[in-house]
Amino acid sequence: MFKITRLPAEMQEFFAVAAQDLTVFQKAHLVVYILGLLLGVSRGNVAALSRLRTDGRHRTTLSYFLVRSPWDAVSLVQRVTLWQIEELRKRPVDASDPDRDTIFPTLDDTKQEKPGKKMAGRHRLYDSSNKTYINGTDVVELVIRFRGRVFPWASQVVLTKEQAIDAGRPHRTCVEIGADLLETFTAPEGLKVRVLFDTVYLAEVVIKVLDAKGWKLVSRAKPDRVVDPGRGRQKADGKNQHVGQYMRNCLRRGSRYVTVGEGKMARRCKVAVREADLQGVGRVTFVFSILIRVGKKWVSHVPVAIVN
């Protein structure tokens, strides 16, 4: 088997950034692990990776580095992400691209089935993508999108109340964890920030973080969310108006047609833009849209409410 005797010139700057706070031995472990994975050595088997090194250290030192060594993996990832973003900013970009100076932190959670019974955060949960219950973990993730590329930033496993008590940690919901992850991100100077997330995270605790940082958002609103248009006749029965009903009314009156794209895949949409108060969020701009035609083919789609 071949050995790692020196770093490729193309990767020296990367490891200079990644290993800033690591010791000499920790950097050696990191080099072996990353290069081994890039070269596809035995699919990340620790014993096979350790055979790449030339310093004669035992494979258990690599295992210790991965699971117990006191280094901050999250800070390393975030440091490399910021470095990659700055490198992208140095490259020429199309001046007509409206998002060339906008960075998009994107918040979402993923549910993964786990067969093991002693994994952190494993519990019975509902997987909406497959519409079934699974035994697995729910992980909230924050990634950074910039100029067509996606970079990792932070993630956290969601614990049940019982698991949080056993771990000696306060119990946090998906939405609260998402707000915490957004707090850890500071955008590079000179870039606009527009946060993207799903309907679940359109909540007061997340909006407070965005207001404090002065960021804008793009999300979808569920049809059952309560909305106050702030104009028109009040309902005599005192019932709340919901986004779904308000969206249908706006698309029926005061909407316009917009064509997105060209040729056979051009999309014809019916669009209405309104400002209203969304319960738990405050004053927002709604963009209501329904797709009615793709090319020359008429289609029937469910309207969506985009919050901006």
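A: Valine 307 touches Leu202, Leu217, Val218, Ser219, Ala221, Leu278, Val284, Thr285 and Phe286, leaving aside residues up to four places away in sequence; contact here means heavy atoms within 4.5 Å. The model is predicted, so local features need pLDDT of at least 70 and side-chain atom pairs count only at pLDDT 80 or more, while totals for chains, interfaces and linings use all residues. Residues are numbered from 1 along each chain as its sequence is written, and side-chain values use heavy atoms, with hydrogens and water left out.

Valine 307 belongs to strand β13 (residues 304-307); helices (H or I, at least four residues) and strands (E, at least two) are DSSP runs, numbered from the N terminus. With 0% relative accessibility, valine 307 counts as buried, where buried means under 20% relative accessible area, exposed over 50%, and partly exposed in between (1.4 Å probe, protein chains only). Its C-alpha atom is separated by 8.8 Å from that of phenylalanine 288, 19 residues apart along the chain.

Threonine 137 sits in strand β3 (residues 132-146) and is buried at 4% relative accessibility. Among the residues that threonine 137 touches are Thr110, Lys111, Gln112 and Arg122.

Next, the rings. Rings of Phe, Tyr and Trp (its six-membered ring) pair if their centres lie within 6.5 Å; planes under 30 degrees apart count as stacked, over 60 as edge-to-face and the rest as tilted. By this rule there are nine aromatic pairs. In one of them, phenylalanine 14 and phenylalanine 15 have ring centres 5.1 Å apart and planes at 80 degrees, so the pair is edge-to-face. Tryptophan 153 and phenylalanine 185 also form an edge-to-face pair, 4.9 Å centre to centre with 85 degrees between the planes. Tryptophan 153 lies in strand β4 (residues 149-157) and phenylalanine 185 in the loop between α7 (174-183) and β5 (192-197), so this pair ties together parts that are 32 residues apart in sequence. Tryptophan 153 is buried at 5% relative accessibility, and phenylalanine 185 is buried at 0%. Phenylalanine 15 is likewise buried, at 0%, and ring pairs link Phe14, Phe15 and Trp83 into a cluster.

Last, the cysteines. A disulfide is a pair of cysteine sulfur atoms within 2.5 Å, and the count comes to zero disulfides. Cysteine 250 is in no disulfide, and the nearest cysteine sulfur, that of cysteine 269, is 17 Å away. Cysteine 250 is buried at 4% relative accessibility, and cysteine 174 is buried with a relative accessible area of 16%.
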